Amino acid sequence: MEEKITGSEILIRALADNGVECMFGYPGGQIMPVYDKLFENQYGVKHYLARHEQGAIHAAEGYARATGKTGVVITTSGPGAMNLLTGLADALMDSTPVVAISGQVGSAMLGKDAFQESDVISSVLPVTKWALQVRRPEDIAPALSRAFFIANSGRPGPVVIDLARDAQIGTAVYEKQTAPFIRSYDSDPEPREEVIEEAARLINESKRPLVLAGQGIMIAGAEKALSDIVEKGDLPVATTMLGLSSIPSDHPQYVGMLGMHGNLGPNINTNRADLIIAVGMRFDDRVTGDIKKYAPDAKIIHIDIDESEFDKMIKCDLHVHSDAKKALEALFPLVESKSHKDWLASFDQHRRVEEERVMARELACESPNGGMLMGGVVRKVCEAFGNDAVIVTDVGQNQMFAVKYSKFNKTRSLISSGGLGTMGYGLPAAIGAKIGEPDRNVILFCGDGGLQMTIEELGMIMEYAVGVKIVLLNNNFLGNVRQWQHLFYKKRFSSTPMVNPDFKMIANAYGISAADVQETSQLDAAIEDMVRSKGAYLLNVNIDETDMIFPMTPGGNGVDEILLNESEYYKPV
């Protein structure tokens, strides 16, 4: 008869059998039996100690987004589990596969307000794909198998396993699990033949088609299928922010990024298109603007694995319920070779206006007001790394400048908090991305506000020698809020100026090389030093506080009602 082992050992063995190489976490009283077993390192699962549970789950997200694998985070009960809520909500909105394991008090104490008890399952249900409390050791392996299957199948998302103390310390025989079957859960739907044929007909008959590519392209591994079909049909393709890097920035069919701070061409031409083909995206309000004014002349095909997204925001003419790869591969032989030369040229006209009226100023880098401009700094840094790095951002102006002025040659090269817009996401996510992809350069662009929300995770960089390059776009303001206050609140800068510490000194205290760049003449040499540096590096760049991200579609506007600067709307010819 096979020997019984503790639930804690079962957990770690099941993690290894589910392909887990590493996890991020923070120990505490009700998860201590698991950490005691981790000490033995019997199954090769490496643990990275974060400095806060929120940092741990964002690191797991960054790892998942960079690798396509499921990120794992482990915490204790009560405050440990509650500190995961922001990351769980972030992962749910951005379709990031994460398995979170929380310790819990013993079954006999549940519901009795025991020390560090909280009702984890009730708390996490709104922000997870699935959650389960486990009270018996023999249930741990089946629960883990189901958790990993749910987290990284269909539309990925976060799953929570709440592990009562009796499950951890009790014993059972370990049985390796096979892939679970879950009744009524169709994680890999096949596209219907008649729907694919109708989609091909609409594409073949269109004169002004536009493909909108979201993160679902990369989740499905559909990058080649996307490039094949847009090349064959001569279709322009724009991406959502999270869809960036699903097609190379220099691809001839690529016309830019959609959204509030997207490029002029795709935003203007959304409302001139006669057909929208939306693939693996959810028509976020930042992409659509005023939905009453959205794509008035277009029929809309929506391809998505999550049928709950159909007609949620935008009423569509055709729904293709499938993952992006299956749908695009099924469409490819039916789509005719076409030329849309004039239609594609119209995107180029808008691009030239944006380059001349907006980007040229940013790329000059130096501001007449003193300090530097974010767009120019981002472009210089990315070019110094050969436009080949994984770009991670925090949230705010730093995020928008980073995604607009970076270029991407490889897939899975942008990691950013999209749907939830979580400040503090950037630093731990960059750490997780670098741990997941150690052979790639990982560059974090962040602001002084967001960095200070999770700055304690510099400790993870120090302890594990994680070679993240940090570019701090420091304007001593909460820049994005400041921009809105400037434009829409009569320049009443309420609680947005920041008195900041000496970031170089803080980095040095963690053993991280750092430099302060006060003026443009110092920038190139500092970037070169950062590129040469073998380990982590913090580049603290003095940014002009008045720098603002344009173009901008203000809230409530149609997607084609776009500000070129603080006072001038774009009027295309």
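Let me begin with N542, which is partly exposed, with a relative accessible area of 23%; partly exposed lies between buried, under 20%, and exposed, over 50%, using a 1.4 Å probe and protein chains only. Please note that this is a predicted model, in which local features need pLDDT of at least 70 and side-chain atom pairs count only at pLDDT 80 or more, while totals for chains, interfaces and linings use all residues. Residues are numbered from 1 along each chain as its sequence is written, and side-chain values use heavy atoms, with hydrogens and water left out.

N542 belongs to strand β20, residues 537-542. Helices (H or I, at least four residues) and strands (E, at least two) are DSSP runs numbered from the N terminus. Which residues does N542 contact, leaving aside its neighbours within four places in sequence? They are G371, M372, N474, V517 and Q518, where contact means heavy atoms within 4.5 Å. From N542 to M498 the C-alpha separation is 13 Å, and the two are 44 residues apart in sequence.

I turn now to a pair of helices. Two packed helices are described by the angle between their axes and the distance between the axes. Helix α9, residues 193-205, and helix α14, residues 324-331, have axes that come within 9 Å and cross at roughly 65°. The axes are lines fitted to C-alpha atoms over the stretch in contact, with angles from 0 to 180 degrees between N-to-C directions. This crossing is right-handed, that is, the near helix is turned clockwise from the far one by less than a right angle. On the α9 side, I196, A199, A200 and I203 meet A327, A330 and L331 of α14. The residues of this contact divide into 7 nonpolar, no polar and no charged; Ala, Val, Leu, Ile, Met, Phe, Trp, Tyr, Cys and Pro count as nonpolar, Asp, Glu, Lys and Arg as charged, and the others, Gly among them, as polar.

Next, the aromatic rings. Rings of Phe, Tyr and Trp (its six-membered ring) pair if their centres lie within 6.5 Å; planes under 30 degrees apart are stacked, over 60 edge-to-face, and the rest tilted. By this rule there are 9 aromatic pairs. Why is the pair of F149 and Y185 edge-to-face? Its planes stand at 85°, with the ring centres 5.8 Å apart, so the pair is edge-to-face. F149 lies in helix α7, residues 140-151, and Y185 in the loop between β8 (171-172) and α9. Elsewhere, ring pairs link F24, Y48, Y63 and Y464 into a cluster.
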